[in-house]
Amino acid sequence: MLEKFFKFVFWVLVILGTGYYINFTIQKYKPEFKKTLEPFLTQTEEIKSQIEKLKEFTEKEILPPVPESPKQVLIPKPLVKIEKEKFFGGILTEEGIVAQTNAQREKFNLPTLKENEILNLTARMKLEDMFEKEYFSHFSPTGEGLEDLMKKGNYDYIVVGENLAMGNFENDAEIVKAWMESPEHRENILNPRYQEIGVAVKQGIFQGKKVWIAVHHFGKPLSACEKPSEETRAQIEKKIEELKNFKEKLENLKREAEKTKDSQKIQEYNELVLEYNSLLKETLSMIENYNLEVKKFNECIEK
């Protein structure tokens with residue numbers, strides 16, 4: 001009887017022990033399954049702020065187009081200085097006017113202007129046109145102005161200016177001095193934005209009188225400011241599309257992994273998240289660099 005009792009107790013313990021073992025095994029591996037799921041959930045949370053940042057870039061158009069620089073044209077009233085008592089025996093030269101102009105800029109600690117062949121050409125075109133059509137103005141009788149001359153010369157600019165002078169000047173220093181005594185012409189000569197200069201000067205008959213006419217052309221070329229890369233912008237837009245497709249694929253794979261509890265799907269998802277994170281960071285970095293290029297370009301054209 002006692003032997004039967006011990007056998008009964010033995011089998012009860014065996015059954016309970018087996019149940020405990022099975023339960024222990026389930027409890028043991030259940031956390032492991034959770035641990036497999038947690039990495040992709042955690043990683044998703046980690047990139048959440050970056051996703052919001054990317055949405056801000058795209059939805060609020062913080063990826064600007066390559067900006068068009070506002071073109072500025074400065075044309076003070078033409079200067080006429082004819083003194084009757086003076087003899088028209090002076091000599092003016094283009095090289096001398098450039099040198100005298102730069103001498104004035106140096107007095108005010110401004111960088112000297114580099115002579116530009118296109119600006120020399122546009123100044124010469126303006127000079128010959130005024131003598132030929134006998135007008136003394138920034139605009140020809142047909143309405144052509146400085147902007148039209150720049151187009152003809154293919155001079156792409158941020159800012160350009162034109163000084164005109166007519167008179168019986170004795171030398172290069174005198175004509176530049178006359179411009180400096182006129183506030184608007186002085187402002188053109190001392191404009192810190194200009195980088196280049198072109199000059200044309202000629203003595204001839206204008207409306208029956210012998211006079212000197214000089215043309216000053218100033219400019220800051222568009223090439224002085226590096227434009228943001230169109231290629232970089234195109235690459236960014238391509239990566240944004242890739243991220244959108246990536247995100248859709250991730251969401252589908254996540255739903256499938258959570259539903260099936262398939263460890264292979266979970267691993268596939270986690271690997272895909274790593275790729276997504278890498279592409280996202282790369283894209284955000286490119287956007288920030290591109291926007292920095294835009295900022296530098298805008299600052300340059302305003303100087």
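This is a predicted model: local features need pLDDT of at least 70, side-chain atom pairs count only at pLDDT 80 or more; totals for chains, interfaces and linings use all residues.

User: How many bridges join β5 to β6, and do they run parallel or antiparallel?

Analyst: There are 11 bridges between β5 and strand β6 (residues 209-221), and the two run antiparallel.

User: OK, and what about β3 and β5, parallel or antiparallel?

Analyst: Those two run parallel, with 2 bridges joining strand β3 (residues 114-115) to β5. Glu 115 is the residue that stands opposite Ile 197 in β5.

User: How many residues of β5 are buried?

Analyst: 8 of the 11 residues in β5 (residues 196-206) are buried, so the strand is largely enclosed by the rest of the structure.

User: Switching to aromatics. How many aromatic pairs are there?

Analyst: The count comes to 2 aromatic pairs. One of them is Tyr 194 with Phe 218, which is stacked, at 5.0 Å centre to centre and 15° between the planes.

User: Where do Tyr 194 and Phe 218 lie?

Analyst: Tyr 194 is in the loop between α7 (183-189) and β5, while Phe 218 is in strand β6, so this pair ties together parts that are 24 residues apart in sequence.

User: Are those two buried or exposed?

Analyst: Tyr 194 and Phe 218 are both buried. Then there's Phe 246 with Tyr 276, an edge-to-face pair with 5.9 Å centre to centre and 80° between the planes.

User: Which helices hold Phe 246 and Tyr 276?

Analyst: Phe 246 sits in helix α8 and Tyr 276 in helix α9, 30 residues apart, and the pair links these distant parts of the chain. Phe 246 and Tyr 276 are buried as well.

User: Speaking of α8 and α9, at what angle do they pack?

Analyst: Helix α8 (residues 230-260) and helix α9 (residues 263-302) pack at about 155°, and their axes are 9 Å apart. An angle over 145 degrees counts as roughly antiparallel, so that is how α8 runs relative to α9.

User: Is the crossing left-handed or right-handed?

Analyst: α8 and α9 cross in a left-handed way.

User: And how many nonpolar, polar and charged residues are in that contact?

Analyst: The contact of α8 with α9 has 17 nonpolar residues, along with 11 charged and 4 polar ones.

Notes: Residues are numbered from 1 along each chain as its sequence is written. Side-chain values use heavy atoms; hydrogens and water are left out. Buried means under 20% relative accessible area, exposed over 50%, partly exposed in between (1.4 Å probe, protein chains only). Helices (H or I, at least four residues) and strands (E, at least two) are DSSP runs, numbered from the N terminus. Two strands pair if DSSP finds at least two bridges between them. Axes are lines fitted to C-alpha atoms, for helices over the stretch in contact, and angles run from 0 to 180 degrees between N-to-C directions. Angles under 35 degrees count as roughly parallel, over 145 as roughly antiparallel, 65 to 115 as roughly perpendicular and the rest as oblique. A crossing is left-handed if the near helix is turned anticlockwise from the far one by less than a right angle, and right-handed if clockwise. Ala, Val, Leu, Ile, Met, Phe, Trp, Tyr, Cys and Pro count as nonpolar, Asp, Glu, Lys and Arg as charged, and the others, Gly among them, as polar. Rings of Phe, Tyr and Trp (its six-membered ring) pair if their centres lie within 6.5 Å; planes under 30 degrees apart count as stacked, over 60 as edge-to-face and the rest as tilted.
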